Amino acid sequence: MNSILHIRPQQAVYLGNFGLTTEHRHGALVLLLGLSGHFNVQLRGQTMVRCRSALIDAGTAHIVDCQSEDMATLYFEVNSLQGRTLRANFLRNDAAVFDIANLDQCRKGFEQRALNADLAALIRYSLKADINSYDRRVASCIQLMQQKDEYPWRQDELSARIGLSNSRLNHLFKQHTGISFRHFSLWSRLAIFMRDVHNTRNITHSALNSGFSDSAHLSNSYKKIFGIRPSAILSGLKEFHLYS
């Protein structure tokens with residue numbers, strides 16, 4: 001299938017076959033959907049699972065093998081309503097759950113629902129929205145990191161801005177998001193890169209624009225988070241839409 005990437009402020013959706021990843025850890029929740037068949041997921045230290053859908057929590061080390069199948073991959077920021085709702089309904093006691101999606105639908109219609117991140121239509125279970133809010137200081141920290149247009153905030157800058165020590169910020173951030181400040185900072189910087197490369201269409205230029213020292217630094221960081229090189233996604237895109 002022709003690959004499609006849609007990026008919105010608190011979510012992103014990729015349709016396509018990205019092959020076999022190395023072990024990686026996202027900075028967001030990821031919902032994997034096998035559009036044309038089964039795929040394999042292996043969490044660190046566990047056996048491989050063959051499934052048609054998988055929801056994996058942020059910060060969970062895992063490998064994905066598409067098995068040559070077309071996939072829909074949906075990312076939800078940890079502070080988004082959808083991300084918090086998925087975590088509250090499925091991931092209170094587990095790092096990942098499998099086969100929760102309703103894939104018995106017309107494929108074309110299902111692909112559109114995936115692009116719209118329509119959880120009510122994608123998930124086979126009723127979802128209860130998570131109305132709990134983050135600590136306001138953590139929420140402010142995340143908002144600032146997500147709004148930075150060019151270079152990432154330094155931790156001491158953010159700590160001073162919200163009135164916390166670095167160690168206290170680290171503790172609260174991990175407590176509320178499930179991932180470390182450092183890991184989320186890298187995730188946010190890669191999000192800046194993805195928004196920038198939509199405009200430049202040049203990986204090297206966007207790497208520098210996003211605070212990476214060079215394209216190799218960007219590529220290694222991207223593989224750490226996504227398990228593949230950025231060119232594996234960006235080089236074959238039929239559609240690349242960025243929503244504000």
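**View 1. D135, a buried loop residue.** D135 counts as buried because its relative accessibility is 17% (buried means under 20% relative accessible area, with a 1.4 Å probe and protein chains only). This residue sits in the loop between α3 (119-122) and α4; helices here are DSSP runs of H or I with at least four residues, numbered from the N terminus. Leaving aside residues up to four places away in sequence, D135 touches L172 and H176, where contact means heavy atoms within 4.5 Å.

A quick note before moving on: this is a predicted model, in which local features need pLDDT of at least 70, side-chain atom pairs count only at pLDDT 80 or more, and totals for chains, interfaces and linings use all residues. Residues are numbered from 1 along each chain as its sequence is written, and side-chain values use heavy atoms, with hydrogens and water left out.

**View 2. Helix α4 against α7.** Helix α4 (residues 136-147) packs with α7 at an angle of about 30°, their axes 9 Å apart; axes are lines fitted to C-alpha atoms over the stretch in contact, and angles run from 0 to 180 degrees between N-to-C directions. The two helices are therefore roughly parallel to each other (angles under 35 degrees). On the α4 side the contact is made by C141, I142, M145 and Q146, and on the α7 side by F181, F184, S185, S188 and R195.

**View 3. F18 and its neighbours.** Not counting residues up to four places away in sequence, F18 touches L32, V64, C66, M71, T73, I228 and I233.

Methods
Angles under 35 degrees count as roughly parallel, over 145 as roughly antiparallel, 65 to 115 as roughly perpendicular and the rest as oblique. Buried means under 20% relative accessible area, exposed over 50%, partly exposed in between (1.4 Å probe, protein chains only).
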